[in-house]
Amino acid sequence: MSAPDAPVGADQSIGKLVASAAGEMSALVHDEIALAKAQLRQDVKRGAVGGGVLAAAGAVLIFSLPMLSFALAYGINSWSGWHLSWCFLLSFLASLVVAGLFALVGVYFLKKAKKGQGPQKAVASAKETAALLQNAKPHPREVTAGDDVLERPALVARSTS
């Protein structure tokens, strides 16, 4: 065991420290990949919602037009006394308005999915981590009288530039 006031990792060899650092980097890369997958999953879900709403708009337009048009046209005819052809035209226009509203909602969700940041957030985070690690410099350690010079050099600080 090391003394309580000894530096962190003083009782570990350099090989163990490098292995530990490599394990931590591997875990960091795996976490970054998991973050990118989660963000992509969210964007795909938004796109699916937009596509589903657009499909609903198509279904409303196709399936409701015949029955809704007849019912609405005969209702307008009995209420206003207008010619039946004008009543059918008004009923068709009402169906187009409903389908148009569904289409607008679907387009809104698709644009939101397209604007999604997705993996860009994860890539930016990974670049930030890489930049931080690239500029990191180890703390220099002094050699004490009992230390082997081959195990621990006098100053271990290196510059990446």
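Mentor: The buried residues of α2 pack against α1, where contact means heavy atoms within 4.5 Å. This is a predicted model, in which local features need pLDDT of at least 70, side-chain atom pairs count only at pLDDT 80 or more, and totals for chains, interfaces and linings use all residues. Residues are numbered from 1 along each chain as its sequence is written, and side-chain values use heavy atoms, with hydrogens and water left out.

Trainee: Which residues of α2 are buried?
Mentor: They are C87, S91, S95, A99, G106 and A113. Buried means under 20% relative accessible area, exposed over 50%, and partly exposed in between (1.4 Å probe, protein chains only).

Trainee: And where is F92 found?
Mentor: F92 lies in helix α2, residues 84-114; helices are DSSP runs (H or I, at least four residues), numbered from the N terminus. F92 counts as partly exposed because its relative accessibility is 36%.

Trainee: Changing topic, how many salt bridges does the count come to?
Mentor: The count comes to one salt bridge, meaning a side-chain nitrogen of Lys or Arg within 4 Å of a carboxyl oxygen of Asp or Glu. R46 forms a salt bridge with D43, and their closest N and O atoms are 3.9 Å apart.

Trainee: Why are R46 and D43 separated by about one helical turn?
Mentor: Because they are three residues apart in helix α1, residues 14-80.

Trainee: Is D43 buried or exposed?
Mentor: D43 is buried, at 14% relative accessible area, whereas R46 is partly exposed at 26%.

Key:
Helices (H or I, at least four residues) and strands (E, at least two) are DSSP runs, numbered from the N terminus.
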